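This briefing goes through one structure by topic. Have the sequence and the 3D view open while reading.

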There are 2 protein chains.
Amino acid sequence: MHVASTAVLISEVGPRDGLQSIKTIMPTLNKKLWVDALFNAGIREIEVASFVPARMLPQMADAAEIVQHAKTLNGLTVLALVPNLKGAEHAILAGADKITIPVSASAAHSLANVRKTREEMIKELKRIVEFRNAHAPSIKIEVGIATAFGCTLQGLVAEDEVIGLAEQAALAGVDDVGLSDTTGYANPSQIKRLFRRLRGAIGDKAGAAHLHNTRGLGLANCLAAYEEGVTSFDSSMGGLGGCPYAPGASGNVVTEDLVFMFEAMGVRTGVDLDKLFRAREVLQAGLPHEAIYGMVPEAGLPKGFDAYKENLR
Amino acid sequence: MHVASTAVLISEVGPRDGLQSIKTIMPTLNKKLWVDALFNAGIREIEVASFVPARMLPQMADAAEIVQHAKTLNGLTVLALVPNLKGAEHAILAGADKITIPVSASAAHSLANVRKTREEMIKELKRIVEFRNAHAPSIKIEVGIATAFGCTLQGLVAEDEVIGLAEQAALAGVDDVGLSDTTGYANPSQIKRLFRRLRGAIGDKAGAAHLHNTRGLGLANCLAAYEEGVTSFDSSMGGLGGCPYAPGASGNVVTEDLVFMFEAMGVRTGVDLDKLFRAREVLQAGLPHEAIYGMVPEAGLPKGFDAYKENLR
């Protein structure tokens, strides 16, 4: 077992994963204000946009403008999702520091999500890496293995195929490869087993945990990943995004709750919870008619929480 | 660290903790049907009632009748909560197999909850143990240290006081002493630290984890307790009970979600999830106007879940 770290990176995916999952289009100004508020709360990596054709995702039509704005925040890693080489070119041109590429472990999901087989996606990865190496060598490339813990289309996903695909992505030259529980199927034992295998297979290229809370296990799964040595966690403010089946059953792990868990454990996130709650108000102002989730914001911080944390030092 | 077990006991507290927390009074017949359905799903310990004066908790006026009914279920441990000797006498007379007594670690909560100081509660415990030893030596006595992880009235609760109180309870002659996160304040590190200390202090008398989901950490905290060697978990069907602050922000850990987590991990609970969902329908039929929670019942089991579990064997 890996020794758990005393600090973790919270990578906020709401402006991309959250906003592309809802019908409402957040105005560009509100997106900028939200990104600013997240940064002011101490978030140091934000997935700000997805570079896909605007006719497919009109919510992301202002991707380049959002990237350029986010670049003005000193110390922020500006992350953008891209499904292919064309998207990567646009993201890099816009100024993204890092791009993230989804590669589905489920054959069925790969075709449904990006209209490519897994093998075609690995080839696309190689083209993206070549482009980066030739034109923008300082840009980081991350791969997230989607449906790594099971798939709503095909059910089981073989763990050997997940790890095999991660190895191929690492060999293609990307900087790190994380695992995504796209469907909210994962359990803590599976999380530990797969992240252990991932590290065994690709070493320090083992990347972030992108986990969903569809079945209520989001934080338990994050805890399991943390205990297995994972130090980078994707989450979404207000739980926006993913597949919301039911009230409270948000898709992504809720940033506010995740930060609370780690801070309460004495694991540093660099995030100020009070300022994070203010960023939540900025989010809500930009989406006045959307329900946003989060247990800690609803219940409030425990009485004496600051004193409790002080005692941990 | 304790070696985690391959099986756990799920102790359903809904008929007591859940039903006493809501205004609606479930008819006696529906209570019996619900207890039957829980038993049929494989639940083998149920906290069926609280023995307190009916003028204080009219929801529990039929406590003796429910205990007597539950006693007809072969193999079920019938548990009743009692706040004092008089309640213990009534519960034992009714036929309970086991009684559970709340002892608050927070001085403020002790006075508010049972109108006794902590010292007075330890004296009451001794009287209950003497009564049991003299009249019903086969009855088990459990203590739950309430507000063990923090208190909404006084904030911090000193860990030394929690462990000291558990030691006094064990010395008083009770069979086991568990820890309760009455307020939903706990975090996974704290859970591990306190259950480790508890076992160090009272050995095999270390008992169940009674955890709440108020801040979304319920399952993560159960996972932490499980990893620390805890094998008995209180939970409530539909998350009934505790202090519901917000939609989805139920009090107790949801039985359905907890059973799913353990079963998905390959940890045996003895509970059949499909039958548990049917018991949930029986609960809802008995409380047609109450909201009941649960992420797994809303989202459904993962596709291929049976095959996944089969692979774990």
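Two strands pair if DSSP finds at least two bridges between them. Helices (H or I, at least four residues) and strands (E, at least two) are DSSP runs, numbered from the N terminus. This is a predicted model, in which local features need pLDDT of at least 70 and side-chain atom pairs count only at pLDDT 80 or more, while totals for chains, interfaces and linings use all residues. Residues are numbered from 1 along each chain as its sequence is written, and chains are lettered from A and ligands numbered from 1 in the order in which they are written.

**The barrel of chain A**

- In chain A, eight strands form a closed barrel in the order β1-β2-β3-β4-β5-β6-β7-β8, with parallel pairing.
- On average, neighbouring strands of this sheet are turned by 30 degrees against each other, direction ignored.
- Axes here are lines fitted to C-alpha atoms, for helices over the stretch in contact, and angles run from 0 to 180 degrees between N-to-C directions.
- Strand β3 (residues 77-81) of chain A pairs with β4(A) in the parallel sense over three bridges, and A:Leu81 has A:Thr100 as its bridge partner in β4(A).
- Between β3(A) and β4(A) the chain passes through helix α4 (residues 85-94) of chain A, and this β-α-β crossover is right-handed. The term applies if, with the strands pointing away from the viewer, the path from the first strand over the helix to the second runs clockwise.
- β4(A) and strand β5 (residues 140-146) of chain A run parallel and are joined by seven bridges; A:Ile101 stands opposite A:Val143 in β5(A).
- Strand β6 (residues 176-180) of chain A and strand β7 (residues 206-210) of chain A also run parallel, with three bridges. A:Ser180 has A:His210 as its bridge partner in β7(A).
- Helix α7 (residues 159-171) of chain A lies across β4, β5 and β6 of chain A and runs at about 165 degrees to β5(A).

**Burial of strand β4**

- A residue is buried if 20 or more other C-beta atoms lie within 10 Å of its own, exposed if 12 or fewer, and partly exposed in between; C-beta atoms are placed from the backbone.
- Strand β4 (residues 98-104) of chain A has six of its seven residues buried, so it is largely enclosed by the rest of the structure.
- In chain B, strand β4 (residues 98-104) likewise has six of seven residues buried and is therefore largely enclosed by the rest of the structure.
- β3 (residues 77-81) of chain B is joined to β4(B) by three bridges and runs parallel to it; B:Ala80 stands opposite B:Ile99 in β4(B).
- β4(B) pairs with strand β5 (residues 140-146) of chain B in the parallel sense over seven bridges, and B:Ser104 stands opposite B:Ala146 in β5(B).

**Where the two chains meet**

- Two residues are in contact if their C-beta atoms, placed from the backbone, lie within 7 Å.
- The contact takes 38 residues from chain B and 37 residues from chain A.
- On the side of chain B that touches chain A, the elements giving two or more residues are α8 (188-202), α9, α10 (255-264), α12 (295-299) and α13 (305-312) of chain B.
- Of the interface residues of chain B, 97% are also interface residues in chain A, so the copies meet through the same surface.
- A:Gly216 lies in the loop between β7 and α9 (218-227) of chain A and touches B:Leu219, B:Val254, B:Asp257, B:Met295 and B:Val296, not counting residues up to four places away in sequence.
- A:Gly216 is buried, with 29 other C-beta atoms within 10 Å.

- Chain B is superposed on chain A by a rotation of 180 degrees with 0.0 Å of shift along its axis (RMSD 0.0 Å). The two copies are thus related as by a two-fold rotation axis.
- The superposition is by least squares on the C-alpha atoms of residues with pLDDT of at least 70 in both copies.
- In chain B, the C-alpha nearest the axis belongs to B:Ala220, 1.9 Å from it.
- Ten of the ten residues of helix α9 (residues 218-227) of chain B are buried, so α9(B) is largely enclosed by the rest of the structure. Among them are B:Ala220, B:Cys222 and B:Tyr226.
- After α9(B) comes B:Gly229, whose phi is positive, near 105 degrees.
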